[in-house]
Structures are given as structure tokens and as C-alpha cells.
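Keep the sequence panel beside it. We will select one piece at a time.

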Amino acid sequence: MNDRTFPSPWPIDRLIQVLHQGSVLAQLVAPGRSTGGNDVREHLLERMVGDIATEVFGPDNVALRRQIKSTLGLRAAPFPGTAQPDVAVRHDDRVHICELKSNRYDYDRFDCVFDSRPFREYLARAGHTGTAPWEVEQDLIKLHLYPTLSPRVGSCIFLMVD
């Protein structure tokens, strides 16, 4: 058994409960609305999960869109150390990381947002050639790599409301 295998502390039942309240789910899967090129639906989902995490773990144990090396207490870290996961929580001396995506049925949800030089350099070192990975693939690659940064990484989840 891998010693990095820990049960997830994420309050999924609480998240499901909030998704069923009023028009929350409908807002998350509604046709796209954007502000300055940002998807409002995804911001709503991030805020909702951040609020639930703060409610469960306390504000001092929740990091929203903060460099993971900082959340882990590292001065320097290789890729993806400067990546900013949507939500990270400290629980039982571990950091648990969550990336979020909302439904985007009105356009291809796997649009490419590949603009990170450290990410491009990492993929080049790994031998990647061809087209850049799509947004969802990028999140999955980072989630796979976060545990390599520190033994304090407890769990990494990808949550898509679709």
C-alpha cells in the first residue's frame, strides 16, 4: 500500500446538499456568462466549495487560488509549485487539494488555457510533443504531480459539476 494514500476529508455530502438548494445547480450549468474572459459559473463553484471548506475546516485552514508551494510551507518547489489550485485545505497535518470545473455545454469545456511557461517546460522535459493539453487535462496532470512536492499532500481531487 502506498503510504501517501489517505482518506479524503472533503465534505462531499455537504456539497451535494448545497447543490440541491434553490437554483444553485441551475446557475452552475446555465449558459455561459463571463466577465473579462472568466467563466462566472466556475467562479460560483469555487466560491461555493471555498465557503463549505471554510465552514468545515475554519478560515485559517483554507487556501483559495494560492500558490501550492506557499500552502505547503515550501520556499521553492519544482513544477507545479507555483500552480494555484482552486481550493486547498489543511486537515490532520496534511494539505488536501481540489480542482473544480463547472458544466460548459454551450461550448467545448476542454478549451485550451495553456499559457504557463513552467507547464510548457515541464511537458517538454517529459518528452511531450504536439498540441498542448486541454484545460481539464492540465488540471489532472497537476493533481497527479502535487504529491511529488511534499509528503504533506494528503489527497488530490478533481470535481466537475456537469
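**Stop 1: two paired strands**

Select β3 and strand β4 (residues 87-91): 3 bridges join them, and the two run antiparallel. Strands pair if DSSP finds at least two bridges between them. Now pick L64; its bridge partner in β4 is V87.

A word on the model before moving on. It is predicted: local features need pLDDT of at least 70, side-chain atom pairs count only at pLDDT 80 or more, and totals for chains, interfaces and linings use all residues. Residues are numbered from 1 along each chain as its sequence is written, and side-chain values use heavy atoms, leaving out hydrogens and water.

**Stop 2: the sheet**

The 4 strands form an open sheet, in the order β3-β4-β5-β6, with mixed pairing. Which strands stand at the edges? They are β3 (62-64) and β6; each has a single partner strand, so one side of each is left without a neighbour in the sheet. From one strand to the next, the twist averages 15 degrees.

**Stop 3: the helix on the sheet**

Select α3 next. This helix packs on the sheet and touches β3, β4, β5 and β6. Its direction makes about 150 degrees with that of β5. Such angles run from 0 to 180 degrees between N-to-C directions, with axes fitted as lines to C-alpha atoms, for helices over the stretch in contact.

Stay in α3 and show F57, which belongs to this helix. Is F57 buried or exposed? F57 is buried, at a relative accessible area of 12%. Buried means under 20%, exposed over 50%, partly exposed in between (1.4 Å probe, protein chains only). Leaving aside residues up to four places away in sequence, F57 touches P9, P11, V62, V89, R90 and H91. A contact here means heavy atoms within 4.5 Å.

**Stop 4: helix α6**

Select residues 135-145, helix α6; its buried residues are E135, V136, Q138, D139, K142, L143 and L145. These pack against α3 (40-57), β5 (94-102), α5 (117-125) and β6 (153-161).

**Stop 5: the whole chain**

Zoom out. The protein chain has 6 helices and 6 strands. Both are DSSP runs numbered from the N terminus: helices are H or I, at least four residues, and strands are E, at least two. Of its 162 residues, 41% count as buried.
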